[in-house]
Amino acid sequence: MNTDPIADYLTRVRNAIKANHRVVEIPASNIKKEITKVLYHKGYIQSYRFDDSSVQGTIKIALKYNPTTKVPAITKLERISSPGLRTYAHVENMPRVLSGLGIAILSTSKGVMTEKEAKAQNVGGEVLCYVY
């Protein structure tokens with residue numbers, strides 16, 4: 001049993017990037033699927049596929065690299081809110097990651113989204129992670 005599935009998700013992606021893997025396979029959950037969709041729409045991953053053939057299902061993520069320099073699109077994945085210390089952000093004090101160059105992924109009452117989308121919809125929430 002894993003106590004922090006989001007941290008496990010981020011660690012698997014981080015390890016796959018460091019090992020220069022093209023594809024990483026991760027056990028699925030609804031929040032992991034939503035985080036994957038956000039990463040795809042923001043251009044941090046090349047593609048993804050949800051495989052629901054087993055009981056839990058898996059997420060297959062194709063990682064994105066620069067074609068000429070082979071530098072990964074994701075430089076850093078950082079878990080912010082953990083099960084032992086939840087971190088929340090109000091609309092007025094949304095976190096700015098790398099002066100606006102990175103994204104903060106939030107879990108709000110309207111779903112999982114970036115800090116810019118949350119500010120546009122005027123909702124706050126739990127800060128899951130920073131990506132840049």
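Biologist: Let's begin with charges. How many salt bridges does a search of the whole structure find?

Modeller: Side chains of opposite charge can pair when their charged atoms come close. The search of this predicted model finds five salt bridges. One of them joins Asp4 and Arg79, with the closest N and O atoms 3.0 Å apart.

Biologist: Are Asp4 and Arg79 buried or exposed?

Modeller: Asp4 is buried, and Arg79 is too.

Biologist: Which residue forms a salt bridge with Lys33?

Modeller: Asp52 does, with 3.5 Å between the closest N and O atoms. Lys33 sits in helix α2 and Asp52 in the loop between β2 (45-51) and β3, so the pair ties together parts 19 residues apart in sequence. Lys33 is buried because its relative accessible area is 17%, under the 20% cut-off. Asp52 counts as exposed, at 53% relative accessibility.

Biologist: And what does Arg86 pair with?

Modeller: Arg86 forms a salt bridge with Glu126, and their closest N and O atoms are 3.0 Å apart. Arg86 lies in the loop between β4 and β5 (88-89), while Glu126 lies in strand β8, so this pair ties together parts 40 residues apart in sequence. Arg86 is partly exposed, with a relative accessible area of 42%. Glu126 counts as buried, at 13% relative accessibility.

Biologist: Now a charge without a bridge. Why does Glu115 have no salt bridge?

Modeller: Look at the distance. The nearest side chain of opposite charge, Lys116, is 4.2 Å away, and a salt bridge has to be within 4 Å.

Biologist: What is Glu115 in contact with, leaving aside its neighbours within four places in sequence?

Modeller: Glu115 is then in contact with Met94, Pro95, Gly102, Ile103, Ala104 and Leu106.

Biologist: On to rings. How many aromatic pairs are there in the whole structure?

Modeller: A pair of aromatic rings is described by the distance of the centres and the angle of the planes. The search finds two aromatic pairs here. Tyr40 and Tyr48 are edge-to-face, at 5.2 Å centre to centre with 75° between the planes. Tyr48 and Phe50 are tilted, at 5.1 Å centre to centre with 45° between the planes.

Biologist: Which residue lies over the face of Phe50?

Modeller: Lys33 does, at 5.4 Å from the ring centre. Recall that Lys33 also forms the salt bridge with Asp52.

Biologist: Last, the core. How many residues has the largest nonpolar core?

Modeller: In soluble globular proteins, nonpolar side chains tend to be buried together. The largest nonpolar core here has 26 residues. Those with the most contacts inside it are Val13, Ile61, Leu63, Ile105 and Val131.

Biologist: Which elements give two or more residues to this core?

Modeller: They are α1 (5-18), β1 (23-27), α2 (30-41), β3 (58-63), β6 (103-108) and β8 (125-131). The largest share, six residues, comes from α1.

Key
Residues are numbered from 1 along each chain as its sequence is written. This is a predicted model: local features need pLDDT of at least 70, side-chain atom pairs count only at pLDDT 80 or more; totals for chains, interfaces and linings use all residues. Side-chain values use heavy atoms; hydrogens and water are left out. Buried means under 20% relative accessible area, exposed over 50%, partly exposed in between (1.4 Å probe, protein chains only). Lys and Arg count as positive and Asp and Glu as negative; His and the chain ends are not counted. Contact means heavy atoms within 4.5 Å. Rings of Phe, Tyr and Trp (its six-membered ring) pair if their centres lie within 6.5 Å; planes under 30 degrees apart count as stacked, over 60 as edge-to-face and the rest as tilted. A charge sits over a ring if NZ of Lys or CZ of Arg is within 6 Å of the ring centre and within 35 degrees of the ring normal. A nonpolar core is a set of buried Ala, Val, Leu, Ile, Met, Phe, Trp, Tyr and Cys residues joined through side-chain atoms within 4.5 Å. Helices (H or I, at least four residues) and strands (E, at least two) are DSSP runs, numbered from the N terminus.
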